[in-house]
Amino acid sequence: MAENYRIATLAIHADDHHAHTSDIASPIHLSTTYAYTSDPAQLKSFKEVAEAGTFYDDIVYSRENQPVVVRIEEVFSKLLDGHAVAYSSGLSAFHAAMIYYNPKNVFIGQSYHGCKQILSILKRNSGVQSYPLESASELIQPGDLIHLESPINPYGTAIDIEKYVKIAHSHGAVVLLDSTFAPPPLQFPFEFGVDMIMHSATKYFGGHSDLLAGVLVTKDPKVAQTLHDDRICLGTITASLESWLLLRSLRTYDLRIRKQVANTIKIVKYLDEHRAEFPALKSITHASLQKEEFIKRQLPLNGGPVFSIEVASPELAKIMPSKTKLFHHATSLGGVESLIEWRAMSDSEISETLLRISVGVEDADDLVEDLCNALKQL
Ligand SMILES: Cc1ncc(COP(=O)(O)O)c(C=O)c1O
C-alpha cells in the first residue's frame with residue numbers, strides 16, 4: 001500500500017492484500033482451529049518453524065492468530081504509524097505493556113482507574129511501586145516507566161507529552177501513552193517520542209458501543225513480535241466476533257471521529273461563551289479551552305470528543321443526566337451516541353459535582369440545545 005494514503009483511505013484499504021475471497025466485506029472467521037497444509041512435503045515441525053521465525057504468519061489456532069485480527073492489525077499499523085498488536089480490551093493491552101517492560105517503578109498521573117488497579121495487582125504480586133507523575137524528574141531510574149494519558153480522563157484536557165518523554169529518556173526509562181481520548185488524526189504521539197502507544201479500541205475505533213478491544217503500537221518490529229508471542233500465552237487476542245465488528249467499524253472511523261470532534265468543539269465553545277446563562281454551571285474543561293503553547297502542536301484539531309463540566313452541587317450533578325433527552329446516562333465513550341455520566345459512579349477519585357460528556361455524531365445544534373435545556377432546569 002502506498003505510503004501517502006490518508007487515514008480515511010487506509011481505514012478502508014490498508015488490509016486489501018489480506019482478502020482471500022471476493023467478499024467486499026471481510027467474512028467472519030469463528031473457527032478456533034485451521035487445517036494444516038495437505039502436502040506432507042511442506043509440513044514443518046514447531047521447532048523448524050520457530051527457528052525460521054515464520055510461525056507468526058501461519059494461522060493455526062485462534063488464540064495465536066486469526067484472519068480478521070491480521071487485517072485489523074494491518075489497518076491499525078497504518079493508521080497509528082507503527083507495528084500494532086490487537087488485544088481483547090484496552091486493559092489487556094495495558095497489562096501486556098506492563099508484562100513487556102516489566103518496570104520496578106511506574107510514574108502515573110490522572111488516568112483511567114483500571115490502569116491503576118492493574119498496577120495494584122502488580123504491586124501485590126511482585127512489588128511494583130507507583131509514584132505520582134510529578135515526582136518522575138526526581139525519582140526515575142533506568143528501566144522505570146512513565147504512564148501518560150493525554151487527553152486526560154475525564155477532563156478532556158491535555159498534558160505536555162514531550163516534557164515527560166525528555167525526563168524518561170534522559171534517565172534510561174520509557175514512556176507508554178494511553179491515547180484513547182485522541183486517536184489519529186487528533187494526535188500523533190510518536191512525533192513526540194513516546195515508546196509505545198495504547199488505545200482502548202472499545203472507544204472510537206469500535207465506535208458503536210458494541211465491542212471490547214485494545215491495541216498496542218510500537219515502532220520496533222521486534223517488540224511487536226515479542227508482544228505477539230506473549231499474547232499467545234496470555235490468551236488476550238481480540239475475540240473472533242469482536243474482531244469482525246471492529247474491522248467493520250474501522251471502515252467508517254475517519255468520518256465518525258472528525259464529526260465527533262467538530263461537534264465537541266462547537267458545544268464547548270457555545271457553553272463557554274454562554275456560561276452566564278447557566279448559574280448551575282461552575283466549570284468546563286476541554287483542551288480547546290487550554291492556553292498552553294504545546295496544545296496546538298500536540299492536538300492539531302484542538303482536542304478530543306470528551307469534555308467535562310462541574311455543576312454547583314453533587315445533587316445537581318445527579319439530576320442533570322435525567323434532564324437530557326439525547327445524552328444517555330451511561331459510562332464509556334467513543335460511540336456514535338452521545339453520553340453523559342455522573343462520574344462519581346465509576347471513579348472514586350473524581351469530584352461528585354463532575355459530569356463527563358462523550359460526544360457522538362448527532363447534529364451539533366441538537367446536542368447544544370439538549371445540554372442547554374438540561375442546564376436551565378437545574
Ligand atoms: C482512557 C482509557 N484507557 C483504557 C480504558 C480501558 O479500556 P477497556 O474498557 O477497553 O478495557 C478505558 C476504558 O474506559 C479508558 O477510558
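Mentor: We'll take the ground rules, then the sheets, then the charges.

Trainee: What are the ground rules?

Mentor: This is a predicted model, where local features need pLDDT of at least 70 and side-chain atom pairs count only at pLDDT 80 or more, while totals for chains, interfaces and linings use all residues. Residues are numbered from 1 along each chain as its sequence is written, and side-chain values use heavy atoms, with hydrogens and water left out.

Trainee: And how are helices and strands defined?

Mentor: They are DSSP runs numbered from the N terminus: helices are H or I with at least four residues, strands are E with at least two. Two strands pair if DSSP finds at least two bridges between them.

Trainee: In what order do the strands of the seven-stranded sheet come?

Mentor: The order is β1-β7-β6-β5-β4-β2-β3, in an open sheet with mixed pairing. The edge strands are β1 (83-87) and β3 (129-132), each pairing on one side only. The twist averages 20 degrees from one strand to the next; for angles, axes are lines fitted to C-alpha atoms, for helices over the stretch in contact, and values run from 0 to 180 degrees between N-to-C directions.

Trainee: How many bridges join β2 to β3?

Mentor: Four, and β2 (residues 105-108) runs parallel to β3. V106 has S130 in β3 as its bridge partner.

Trainee: Which strands does α8 lie across?

Mentor: Helix α8 (residues 221-234) lies across β1, β6 and β7, at about 15 degrees to β1. Contact here means heavy atoms within 4.5 Å. Helix α3 lies across β1 and β7, at about 135 degrees to β1.

Trainee: Next, the five-stranded sheet. What's its order?

Mentor: β8-β9-β12-β11-β10, again open, and the pairing is mixed. β8 (281-285) and β10 (328-329) are at the edges with a single partner strand each, so one side of each has no neighbour in the sheet.

Trainee: How do β9 and β12 pair, parallel or antiparallel?

Mentor: Antiparallel, over five bridges between β9 (residues 306-311) and β12 (residues 354-358). S308 is opposite R356 in β12. Helix α13 (residues 364-376) lies across β8, β9, β11 and β12, at about 15 degrees to β9.

Trainee: Charges now. How many salt bridges are there in the whole structure?

Mentor: A search finds 15, counting a side-chain nitrogen of Lys or Arg within 4 Å of a carboxyl oxygen of Asp or Glu. One of them joins D15 and R71, at 2.7 Å from N to O. D15 is in the loop between α1 (7-13) and α2 (46-52), and R71 is in helix α3 (residues 67-79), 56 residues apart.

Trainee: Are those two buried or exposed?

Mentor: Both D15 and R71 are buried; that means under 20% relative accessible area, with exposed over 50% and partly exposed in between (1.4 Å probe, protein chains only). D15, R71 and R251 are linked in a network of salt bridges.

Trainee: What about R256, which salt bridge does it lack a partner for?

Mentor: R256 is buried yet has no salt bridge, and the nearest side chain of opposite charge, D210, is 8.9 Å away. Lys and Arg count as positive and Asp and Glu as negative, with His and the chain ends not counted. The side chain of R256 does reach the backbone oxygen of S249 at 2.6 Å.

Trainee: Which residue does D210 pair with?

Mentor: R248, with the closest N and O atoms 3.6 Å apart.

Definitions and conventions
A polar contact is a pair of N or O atoms within 3.5 Å; within protein, one must be able to donate a hydrogen and the other to accept it, and residues adjacent in sequence count only if both atoms are side-chain atoms.
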